[in-house]
Number of protein chains: 4
Amino acid sequence: MKPVSTKHSSGRAASRGAGDTGSDRRAELLAIAAELFAARGVRATTVREIAESAGILSGSLYHHFESKNAMVDEILREFLDHQRRSYDEVLREGADARTTIAELIRRSFRGVHRYRAAVTIFQNEANHLAGIERFDYLRQASRDFERVWKRVLTDGRSTGAFRADLNITLAYRFIRDGVWTAVHWYSPRGRLTINAIAEQYIAILCDGIAAPERR
Amino acid sequence: MKPVSTKHSSGRAASRGAGDTGSDRRAELLAIAAELFAARGVRATTVREIAESAGILSGSLYHHFESKNAMVDEILREFLDHQRRSYDEVLREGADARTTIAELIRRSFRGVHRYRAAVTIFQNEANHLAGIERFDYLRQASRDFERVWKRVLTDGRSTGAFRADLNITLAYRFIRDGVWTAVHWYSPRGRLTINAIAEQYIAILCDGIAAPERR
Amino acid sequence: MKPVSTKHSSGRAASRGAGDTGSDRRAELLAIAAELFAARGVRATTVREIAESAGILSGSLYHHFESKNAMVDEILREFLDHQRRSYDEVLREGADARTTIAELIRRSFRGVHRYRAAVTIFQNEANHLAGIERFDYLRQASRDFERVWKRVLTDGRSTGAFRADLNITLAYRFIRDGVWTAVHWYSPRGRLTINAIAEQYIAILCDGIAAPERR
Amino acid sequence: MKPVSTKHSSGRAASRGAGDTGSDRRAELLAIAAELFAARGVRATTVREIAESAGILSGSLYHHFESKNAMVDEILREFLDHQRRSYDEVLREGADARTTIAELIRRSFRGVHRYRAAVTIFQNEANHLAGIERFDYLRQASRDFERVWKRVLTDGRSTGAFRADLNITLAYRFIRDGVWTAVHWYSPRGRLTINAIAEQYIAILCDGIAAPERR
DNA sequence: TATGAATGAGGTTTCATTCAT
DNA sequence: CATGAATGAAACCTCATTCAT
């Protein structure tokens, strides 16, 4: 993971390996950068701004990271790796489709909570970043996620848990957009906890907004 | 419409007034710019790229538009004005909540279809753009839309059309994100027409993905 | 005069000869340009601004004038020609030094009044313009003026009209700067007429600001 | 001194605070820029020219200064602050009007000598610069100077040191223009020292150019 | 680790001027 | 005479990155 293929064969060991415990400083800088990237966009955030927010000069950042994109890379990978593992855990439990979907939604919202900045970046800029070679893996991650959701939806439809006329692709997209876009308005200090939001979303998605007595 | 009260228009008469039928060239250039903005992002799209796509030099663009942001401005305003009027029409019909919500959703998807590039820009960059004085009106437009949806949801909940335990704010956000984010994957040449997508979305939203017999 | 050596051998007869009676439109445009050049500086005034002030498009100006600098040229020449003739008249009268100096000052201030915009341009930009080949004549004009003033001062010193210890060069410069710089604050609608200003200046220059009884 | 409260300094720490001793490089660059601004005018001097004169690339200048105008700003403030203090010292000595006027003139010419480039810029471009928000303080500085001179002139007139019929405003303007415009022709390597020029100017101003025996 | 000076490519914008209609 | 579209050079400025100290 994180091959860090330095094009610039400089002798300086700016980037460490992935599993690296990493100095606290490194994590600190990464957190600062993530917040700025999320708030202003990756392109709109200058290396100078990141450095200044950290109280150092822009040149000094290059002792910790190879490049600006290397920071984005690390921020995104951490989130994606976590989320993939989290989804896999659910699948491995092998519950019924409705339970599984609900749990996937819960874990997605928890991802929003825990990796807020990373999710924001992923949501806002995955499309543009994917055009850069270094971020090829974003497309793979999206495909992995898609496979997970679609498998559960298809399974549920065939077992009768979900409507027979459900369009799997559309349903998947609505769910995906619904959970990730929440990052735009979710605030950890807001009135609703992330769990409450997840439950509401599950309710709407599974049973609709219409009052049940109508049927 | 389109008041174009640019503070920065110091003496330059590059942009015409609003109701202006406008030369075809102008509309042509705007369409080209919109596609690029949508595809690559506003910041990432250079004026030079727009000009080259139109077969002219970058400086020549300034004969038609005051600035890059002036183009973004015009693109967004056209969509927002249309959408606002479209929503207002529905409200004026005064149908019941469920019918109204369905119609609002249909008209939103039609907006996605007709103003695809503009919706993409709005969806991707409204947050960042709103930080610029010139784009203050984006916040107002968002608030206007929010009021429309929330009024109908609240009305439907009190008349018993919608679940009594529905969280209006969350429901509004899910709907909003669901319809606008569709622009990311909707293709006019795809298998599903925009109307089919709208109906599927209405179905899921109103009645959920779960099979009805469960209740 | 006004050779108008068109580098661009275009067949269009944009510029007329000098003695040309000239259409009113031409004079009108020149007056508009002069005001703008004076108010904002030659460089800072765009051709577009001139055209817009005249209610036409920038391209249309080129039917009347060869270039922006051609306008500056004409504006300056008119003033310089007039002023030169005016000074010559005084010299030809052959009055005594003090009378002559006073009259030169009066005629300078009258020049400020009548060619306000031109004097402003001359005062503000002669130095920079003189670097352009086309404006070589500015240096000659300055030298001509200098010769006039110095001749009178020298004459007056040798006849005893002026102090024996007068530094001719410095005196000339103070006078020159005093009269031309007045253009920066003189207003035809101000409290003091241009003649009153001239008389005050003559008084200060000849007899000083100190009260006479002190000697 | 030099508050440098740039509104535009959004997050960039290019320019240091005021009391800053400042790296030598900074002062060096400022001196180079000042000479060019004085010689060619602010607008006509390109950032590239400044950089090339300093042996660096244009972009590198922005490591030291926020913008071209920021350089102009610093150059002007240094001169204005100095001159204001210098005038205040004279006033605090409380000598009689004629002595005070003479000393103010001496100190003005010394300002011309010491801040030649800055005075040239101030003299040539204050009018145009004052139209820019950032240079609002130029108007204030002019007003401050005006008050100083007028106070002394008024005082001298009422104590009988100066002519009873002296027009204070005109006298002030002639003096102001006379001393500052000298920057256009003064050369530190010329025949006359700045002190000699000052004394000649004082003599002419106080007692006139006319021979005394005439009265 | 950090600084501070510099690079160099590229961005948006300006503007005098041209020219077919 | 005037328009309106375009040119092309050059302006100011930005910013990721490098590197000697």
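Leaving aside its neighbours within four places in sequence, which residues is Leu36(C) in contact with?

Modeller: First, some housekeeping: residues are numbered from 1 along each chain as its sequence is written, while chains are lettered from A and ligands numbered from 1 in the order in which they are written. This is a predicted model, where local features need pLDDT of at least 70, side-chain atom pairs count only at pLDDT 80 or more, and totals for chains, interfaces and linings use all residues.

Now for your residue. Leaving aside neighbours within four places in sequence, Leu36(C) is in contact with Thr45(C), Glu49(C), Ile50(C) and Ser53(C). Contact here means C-beta atoms, placed from the backbone, within 7 Å. Leu36(C) sits in helix 1 (residues 24-40) of chain C; helices are DSSP runs (H or I, at least four residues), numbered from the N terminus. For a sense of scale, Ala203(C) is 167 residues away from Leu36(C) in sequence and 34 Å away in space, C-alpha to C-alpha.

Rotate by 180° with 0.1 Å of shift along the axis, and chain D lands on chain C with an RMSD of 0.1 Å, which means a two-fold axis. Gly208(D) has the C-alpha of chain D nearest that axis, at 1.9 Å.

What about the interior? The largest nonpolar core has 109 residues, and those touching the most other members are Ile75(C), Ala118(C), Ile121(C), Ile75(D), Ala118(D) and Ile121(D). Such a core is a set of buried Ala, Val, Leu, Ile, Met, Phe, Trp, Tyr and Cys residues joined through C-beta atoms within 7 Å. Not counting residues up to four places away in sequence, Ile75(D) touches Leu30(D), Ala34(D), Ala117(D), Ala118(D) and Ile121(D). A separate core of 107 residues includes Ala34(B), Ile75(B), Tyr87(B) and Ala198(B).

Over at the other pair, 34 residues of chain A are in contact with 34 residues of chain B. Helix 6 (116-129), helix 8 (168-181) and helix 9 (194-207) of chain A each supply at least two residues of the side touching chain B.

Finally, 33 residues surround DNA strand F, and the closest are Gly59(A), Gly59(B), Ser60(B), Gly59(C) and Gly59(D).

Notes: Two residues are in contact if their C-beta atoms, placed from the backbone, lie within 7 Å. A residue is near a molecule or strand if its C-beta atom, placed from the backbone, lies within 6 Å of it. Copies are superposed by least squares on the C-alpha atoms of residues with pLDDT of at least 70 in both. A residue is buried if 20 or more other C-beta atoms lie within 10 Å of its own, exposed if 12 or fewer, and partly exposed in between; C-beta atoms are placed from the backbone.
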